[in-house]
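Please look over the model shown here together with its sequence.

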Amino acid sequence: LSRRGDGSESIDSILTHRVWGLLTFLALMYVVFQSVYSWAGPFMDLIDTGKSAVQDFVGGLLAGMPMLQSLATDGIVEGVGAVFIFLPQILILFFFIALLEDTGYMARAAFLMDKLFSWCGLTGKSFVPLLSSYACAIPGVMATRTIQDPKARLITILLAPFMSCSARLPVYVLLIGAFVEPRYGAAVAGATLFAMHFVGLLVAMPFVYVANKYVLKIPPQPFVLEMPSYQVPKVRDVLLRMYNQGKEFVVNAGTVIFAITIVIWALLYFPRSPEVAEQATDQYVATVASEESVSQEAALALIEGDEERQDVLDRRIASAYIEQSYMGRIGKTVQPVFAWAGFDWKITVGVIASFPAREVIISTLGIIYSLGGDADEESRDLRETMASQTWQSGERAGQPIFTIPVVAAIMVFFALCQQCGATVAVISQETSWKYGLFSFVFMTSLAWVAATLVYQIGSLF
């Protein structure tokens, strides 16, 4: 540690103190964390509202052309929205990083945190990217640009997606609210939600240690740092850095995110055989005819004259189309692999469909269960429907699908899996496609193994 002799020693005596310095650092990091996690929320909601408005407008213009309507709304507009929804978090994070660096405080923070991370090959500068990743791994990965050592930066980048980002929260809230809280109470539910935020970190740290010791083999190095003078940041420089980082994300990573969204849309939409809609309609007409004790012709008339029943029919048709889509077929094909973790084909389809973005599983399950794509983690209908699901065939026929071991396995899978196409794109942008692909394969495999162990062991009790 080297200090500049310009009178800043008195300030450093507090900011680099092992107690007061650490408390100051944690307070500042709390502000940064809250800014990325919470303050960006209104701007993200505004972007999401604008996206929905554009989807409604474009959908109305293309009402007579269902395929183009779906491509425009669920593919193109959704893809553009998936890119710009991350901008508030990225801009706010780099605003604070620019402030901390330009004032000279970032060097003090690195000094404080170096001992905490040095045992596994990381440096003190890894703390800010990892903390930011609890809001979103994308700005967290981009924030590693402040780390000069290439190996330490690489480890930090690969570790960032293990932090429990905000996109995992809706999945936890849905499953805990539907299955844990009703059975064990609010206290256990709250403790479970808290614990899930640390699963990724606890599992990943041993792998980071092994990677540092046996793969990257980063030799222990003395931490030598010259403390820069404190100074007032220039507004122009801060705004310019924010603009450049935001532009780079949109231009580079945004292209990949958009392409992934279009591919997922196509897998969920095609093939679009009219027979699927006809079969779903016939089944619902037969159900209504049985319930009302009328002929099928009369039941069809009842459906056509009842807006609520017509809505139910539309949701059943959408569910049937997903089941028959390429994504549905992929889900059914790989379901035997996920059966080891207790997943049925519907959960499996939801998991696969959510690889571009974790929270997509909720709307996908809403469609599969004929509740509509607007279902969210607070939806009572979705929670009740999931709780009533049973196995239709096999040795578990008639048993509930969503048992506590299954729920725990799903949450562990989402805690560890690399289900974020945008993060893979950014990792590839910051390193190479080799490491982006490695992150995806390693985290997905690890998530499957962990979910399988959780389910198999949990089922013994």
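The buried residues of helix H19 (residues 380-388) are covered by elements that include helix H9 (169-184) and H18. In H19 these buried residues are Leu382, Arg383, Thr385 and Met386, where buried means under 20% relative accessible area, exposed over 50% and partly exposed in between, with a 1.4 Å probe and protein chains only. They cover an arc of only 165 degrees around the axis, which puts them on the same side of H19; the arc is that of the directions from the helix axis to the C-beta atoms. This is a predicted model, in which local features need pLDDT of at least 70 and side-chain atom pairs count only at pLDDT 80 or more, while totals for chains, interfaces and linings use all residues. Residues are numbered from 1 along each chain as its sequence is written, and side-chain values use heavy atoms, with hydrogens and water left out. Helices (H or I, at least four residues) and strands (E, at least two) are DSSP runs, numbered from the N terminus.

**Packing of H17 and H18**

- Helix H17 (residues 345-353) packs with helix H18 (residues 360-368) at an angle of about 140 degrees, their axes being 8 Å apart; axes are lines fitted to C-alpha atoms, for helices over the stretch in contact, and angles run from 0 to 180 degrees between N-to-C directions.
- That angle makes H17 oblique to H18, given that angles under 35 degrees count as roughly parallel, over 145 as roughly antiparallel, 65 to 115 as roughly perpendicular and the rest as oblique.
- On the H17 side, Trp345, Lys346, Ile347, Val349, Gly350, Val351 and Ala353 meet Val360, Ile361, Thr364, Leu365 and Ile368 of H18, contact meaning heavy atoms within 4.5 Å.
- The residues of this contact between H17 and H18 divide into 9 nonpolar, 2 polar and 1 charged; Ala, Val, Leu, Ile, Met, Phe, Trp, Tyr, Cys and Pro count as nonpolar, Asp, Glu, Lys and Arg as charged, and the others, Gly among them, as polar.
- Thr364, which lies in H18, is buried with a relative accessible area of 4% and, leaving aside neighbours within four places in sequence, is in contact with Val349, Gly350 and Ala353.

**Packing of H14 and H15**

- Helix H14 (residues 296-304) and helix H15 (residues 307-324) pack at an angle of about 100 degrees with their axes 6 Å apart, and the two helices are therefore roughly perpendicular to each other.
- Leu302, Ile303 and Glu304 of H14 make the contact with Arg309, Gln310 and Leu313 of H15, and the residues involved divide into 3 nonpolar, 1 polar and 2 charged.

**Buried positions elsewhere**

- In helix H21 (residues 421-430), 9 of the 10 residues are buried, so it is largely enclosed by the rest of the structure; among them are Thr423, Ile427 and Glu430.
- Pro161, found in the loop between helix H8 (150-159) and H9, counts as buried at 1% relative accessibility.
- Not counting residues up to four places away in sequence, Pro161 touches Ala137, Arg168, Arg358, Gln418, Thr423, Ile427, Ser439 and Met443.
- Pro161 and Ala415 are 254 residues apart in sequence, yet 9.4 Å apart in space, C-alpha to C-alpha.

**Backbone features in loops**

- Phe270 and Pro271 are joined by a cis peptide bond with omega about -10 degrees, and Pro271 lies in the loop between helix H12 (235-269) and helix H13 (274-292).
- Ser293, placed in the loop between H13 and H14, has a phi near 55 degrees, a positive value in a residue other than glycine, and counts as exposed at 67% relative accessibility.
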